[in-house]
Amino acid sequence: MVEGEAAARRRLVVFRAGLYACLRRRADALSGLADAVLTRTGPVGSLVELSGEKAFRRGHGALYDALACGDIDQEVLGDLLARSWEMPDEGPLKIAVDVSPWPRPDAETSEGRCHAYASCRCDGARKTIPGWPYSFAAGLEWGATSWTALLDAVRTGPQDNASTVTAAQVGRVHRRLAAAGLLAGRPAAVFIFDCGYDLTRLAYLTSHDGVPVQVLGRVRSDRVFYGPAPERTYHRQGGAPRRHGARFALAKPAGLPVPDQQAEASSARYGRVLVSAWHELHQQLSRAAGWSGHAGELPIVPGTVIRLQAGHLPGNRIPSDLWLWHHAPPGTPFDLDLLWKTYLRRFDLEHTFRFVKQALGWTAPSLCTPHQADRWTWLVVAAYSQLRLARGLVADDRLPWERPCDPAALTPARVRRGFRRLRAHLGTPARPPKYQTPGPGRPK
């Protein structure tokens, strides 16, 4: 065994032991349940079928009892996930944050349900669905890969404010990464958000809490920004000084001023890409939504507006301008080429959502309480992390009609196929089950 493979195997064994230490109640059953998810042949369609897997070693009653009465130390498990993430490339860490719903439209008596965004509904009219929305934070990588490093998961309740919950999650992930030593010698980490987040609110909350991170997200094309306020000229007519400068409307790109910075790139997927940036732009805030309880004068949070213009899109689609907004702590170097490429890596998280739902069965169980859903969610996150650590330890177990794949670039689905044989050599920290039937007794 080569030295690199031996080190990867040790990291996986240490992670499995650390996961078992995070299980404070029903540890053996929960550990076996995570292994059953990893070693099952085919996608997980229901929860009870996992009790028939050899890795579980218990009955279906213990399976439901583990989710109902078990306990997972989420803080310790979050620290373990941060320590298991290795970043080979230089530059700032890139973490994508997005919400994925657990649909529960028929569970009318379940607690904690709220309307979550769903891109597709059967009726074709509504874009929300009753369920449990979960906010995930995942580390991103460069290169042609769909792997991400899931770092945190939190459920948003009906009474929670989305910006407050997200800002707390950003601070929690940043603290864990700093404790793991991943932020030393790097610029401020970049947290990427999709359209729908209040980026100005997130930038204000993170800076107010002392979390030095960069906020990068997509904004709608109908938004309006403003430049810095001009210097006040004293004359006879009084009045309050102006707080906002020239109007910057994204819907009218023809009337925008000359960009402060531009970059150009060529891509086979998007053609000629032109990236423009305008610095020191902010939004005019109002006392509504997240700012209703703000004491004092509303703040001005300046940032950089970035415009992406692609030559063409895959599928012969008509390209349209993509607008981003970026905010960074003072003294952070501005790299325009890095920022727009970082945002495109955010879509790797969509592949992770599809895999944990369709293959690992994240939303397959019909659980009663949201606390059971939290335990199952963290188990699925831990199972996916084991696949990420094992991607260089398994062979390519491909189907006859599939093309061969580089062993160093296996997809999550192919790594899961070979995890059954790998687990036989790794062992398990869980204790064997106790027999419930009486033994033969002392021999005569």
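Predicted model: local features only at pLDDT ≥ 70, side-chain atom pairs only at ≥ 80, totals over all residues.
Q: Is Thr200 buried or exposed?
A: Buried means under 20% relative accessible area, exposed over 50%, and partly exposed in between (1.4 Å probe, protein chains only). Thr200 has 3% relative accessibility, so Thr200 counts as buried.

Q: Which residues does Thr200 touch?
A: Contact means heavy atoms within 4.5 Å. Leaving out residues up to four places away in sequence, Thr200 touches Gln283, Leu285, Trp291, Val301 and Trp325.

Q: What is a nonpolar core, and which residues have the most contacts inside the largest nonpolar core?
A: In soluble globular proteins, nonpolar side chains tend to be buried together. A nonpolar core is a set of buried Ala, Val, Leu, Ile, Met, Phe, Trp, Tyr and Cys residues joined through side-chain atoms within 4.5 Å. Here the largest has 79 residues, and Leu33, Leu50 and Trp376 have the most contacts inside it. A second, separate core has 41 residues, among them Leu151, Tyr204, Leu256 and Val305.

Q: Which residues is Leu50 in contact with?
A: Setting aside neighbours within four places in sequence, Leu50 is in contact with Leu33, Ala36, Val37, Arg40, Val44, Phe56, Leu63 and Trp376.

Q: Which residues lie nearest the centre of the second largest pocket?
A: A pocket is an open set of points on a 1 Å grid over the protein atoms alone, where a 1.4 Å probe fits, with protein on both sides within 12 Å along at least five of seven lines; lining residues have an atom within 4 Å of a point. This pocket is lined by 28 residues, and Arg269, Tyr270, Leu313, Leu344 and Phe347 lie nearest its centre.

Methods:
Residues numbered from 1 in each chain as written. Heavy atoms only, no water.
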